[in-house]
Amino acid sequence: MENKFKRILYGGDYNPNQWPKDVWDEDMRIFKDARINSATINVFSWARIQPAEEVYDFQELDEIVEMLGRENYDIVLATSTAALPAWMVKRYPEVARTDYEGRHHKFGQRHNACPNSPVYQKYAKALAAELAKRYGSNKHIACWHINNEYGGECYCEKCEKAFRVWLRKKYQTLEALNKAWNLEFWGHTIYDWDEVVLPNALSEGLENDKTAFAGISIDYRRFNSDSLLGNYVMERDAVREYDKETPITTNLMGTFKGLDYFKWAKEMDIVSWDNYPSYDTPWSQTAMRHDLMRGLKDQPFMLMEQTPSQQNWQPYNSLKKPGQMRAQSYQTIAHGADTIQFFQLRRSVGGCEKFHGAVIAHVGNEDTRVFREVKQLGTELEKLADTTLGAVNEAEVGIIFDWDNYWALEYTSGPTVDLKYVEQIHQYYKYFYEHNIAVNMIPYDADFSKYKVVVAPVLYMVKEGMQEALEAFVEKGGILVTTYMSGIVDQSDNVHLGGYPGPLGRMAGIWVEEIDALAPEQTNSVVFNDGEEAAGRLVCDIIHLRGAESVGNYGSDFYAGSPAVTRNQYGNGIVYYIGTNMNEDGLGKVMGMAAGDAKVKPAVEIETGLEITCRKKDGHKYYFVINFKDDEIEMPDCFAGCKDMLSGETIRGGEMLSKYDVRMVCVEERG
């Protein structure tokens, strides 16, 4: 594919407007030493560049752009629209949001604009256009960054009216709306579009992110995602009017619940995202989020933000240990990134992010551990030049990730409050990660024929067309793995009648009669046909065979001896159905069966605790080998004699990798 950039962008959020100009020259000197070549600017400068309704002041931004251009930086230019200026809220208080509790907000914080406010839209669009008109022809602008970390909701009257318009377009008639939301329940039938109210705490909303009517709440999620996307598209188009070529993006947030990122990605030239794992986030989950961001467009992505040392907003903001930031950065590149960018380049003096890590700490010089590590990474990336830019990650396994399912599963009233969508997806991803089998995270309407295995955990909502697509995939020889809480409802959260798992039942060859919920202290067991046992928790499907064979049965309770895991031949393919949340060993056993049936291949044919990932470009395979374990691990023999692209040294047979050690190897692809 065509590269979006000429080199690996290395830099991050830079706010020289927060500092006197004598600091700017010092920044340039220090950044140059670290081999930083890009800067993201103007992210929260709306009040600075538009101090009054009819006044723009670009003098300082001109100076910043000129300085960075003189230093040959690639500039990521933001539009500043993620935080309202005070004058706007003072003059037009309706631009501020109304929250879930029904409280209309005053000026403050960020991401604080009502997405359906005509006033906000007018001024945001105008600002984006002014910026593009002024800087769109500047050769140093490498990317446009619209707004920042879109998210949040508004429940004001403007949003309520816009929601009604959105619903009329979707359902056309009140009869269709009432049926979709099952409003005969509790006598909530709607007889006029103006009777629709937003589902917040004053109406259908319940405590703990629950709802009395999932249909309306899921539709509101869709509407809110579309409303914010409309804001993005509005600004993007305003920029595009003056700049026809430069890539345009906005920074996403991994598995963030609020927005349907697969839908958003269709409107973005390149996906960018902000990676902030906590001190105890499994490395497999970070890898999964990278793969999800790559999967949104099935293309390389930008890492727009990570911290070089510590965060400030999590409960426990641990330092990154020596070597950790470097290893994490190479994991990011391995899974598809073409940039490594930080928040932030210089630590701010005040505000709630003053303790968030930065390339330049409060001491103000480069004599820090963090700076030395940033410099080491920058030097290595400079040597790599454009080696991996645009390189692809190929996979034989696809895991379905779907925001409608995310919302619907966590809105559902029962069977257990402990059923969390991302956790469920991650445990299946983790099996492939630990076996170095590449995975693509895919949407519900993906081309399944590209894969040997499709994994669809907790596919609670089966929307129109999904049954036929999955059946066709399996009939032609594909391996499908699905689980409890799958095939239950349609796109409006109404149950598929005829028994669980609804549309998936025929190809799975089973009928689920009941679903038992297990409290945190309760477990059941799964006894496999070879006598091995595994613990099951969370839920237990009580399964009847309808053509499938049992792979393992429950070991206790009144349904002891009934199937817990099944396997069904359907056409030329196979469907595995997992009826309980098994421990890692049990899940690994079943996933190993599925992988074996499909003959999927790992990155290297060796069992190892190292993470090994491969990107391909121009007839070459680039292997990234990283140790995230506490113990030393031996480098696989297949790389002995190869050159490590990062150090320039030849890899020795029997070489041991310590925690956070990284090796990068280029191998010519064989035909």
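# Helix contacts and sheets in a predicted model

Me: Which residues of α5 meet which residues of α8?

Reply: From α5, Tyr120, Gln121, Ala124, Lys125, Ala128, Ala129 and Ala132 meet Asn231, Met234, Glu235, Ala238 and Val239 of α8. Contact here is heavy atoms within 4.5 Å. Helices are DSSP runs of H or I with at least four residues, strands are runs of E with at least two, and both are numbered from the N terminus.

Me: What should I know about the model and its numbering?

Reply: This is a predicted model, in which local features need pLDDT of at least 70 and side-chain atom pairs count only at pLDDT 80 or more, while totals for chains, interfaces and linings use all residues. Residues are numbered from 1 along each chain as its sequence is written, and side-chain values use heavy atoms, with hydrogens and water left out.

Me: Back to α5 and α8. At what angle do they cross?

Reply: Roughly 30 degrees, and the axes of α5 and α8 (residues 214-240) come within 8 Å. Axes are lines fitted to C-alpha atoms, for helices over the stretch in contact, and angles run from 0 to 180 degrees between N-to-C directions.

Me: Why are they called roughly parallel?

Reply: The label for α5 and α8 follows from that crossing angle. Angles under 35 degrees count as roughly parallel, over 145 as roughly antiparallel, 65 to 115 as roughly perpendicular, and the rest as oblique.

Me: Left-handed or right-handed?

Reply: α5 passes α8 in a right-handed crossing. That term applies if the near helix is turned clockwise from the far one by less than a right angle, and left-handed if anticlockwise.

Me: What classes of residue make up the contact?

Reply: The contact of α5 with α8 has eight nonpolar, two polar and two charged residues. Ala, Val, Leu, Ile, Met, Phe, Trp, Tyr, Cys and Pro count as nonpolar, Asp, Glu, Lys and Arg as charged, and the others, Gly among them, as polar.

Me: OK, and α11 with α12? How do they cross?

Reply: The axes of α11 (residues 324-334) and α12 (residues 369-384) come within 9 Å and cross at roughly 30 degrees, so α11 and α12 are roughly parallel to each other. The crossing of α11 and α12 is right-handed. Their contact includes Met325, Tyr330 and Ile333 of α11 and Val374, Leu377 and Leu381 of α12. By class, it has seven nonpolar, three polar and three charged residues.

Me: Sheets next. In what order do the nine strands run?

Reply: The open sheet reads β7-β4-β3-β2-β1-β11-β10-β9-β8, with parallel pairing. Two strands pair if DSSP finds at least two bridges between them. β7 (248-249) and β8 (251-252) are the edge strands, each pairing on one side only.

Me: How many bridges join β2 and β3?

Reply: Four, between β2 (residues 38-41) and β3 (residues 74-78), in the parallel sense. Ala39 has Ile75 in β3 as its bridge partner. Helix α3 (residues 59-70) packs on the sheet, touching β2 and β3, and its direction makes about 170 degrees with that of β2.

Me: Where does α5 lie?

Reply: α5 (residues 118-135) lies across β3 and β4 (141-145), at about 175 degrees to β4.

Me: β10: how many of its residues are buried?

Reply: Five of the five in β10 (residues 301-305); buried means under 20% relative accessible area, exposed over 50%, and partly exposed in between (1.4 Å probe, protein chains only). Three bridges join β9 (residues 272-274) to β10, and Trp273 has Leu303 as its bridge partner in β10.
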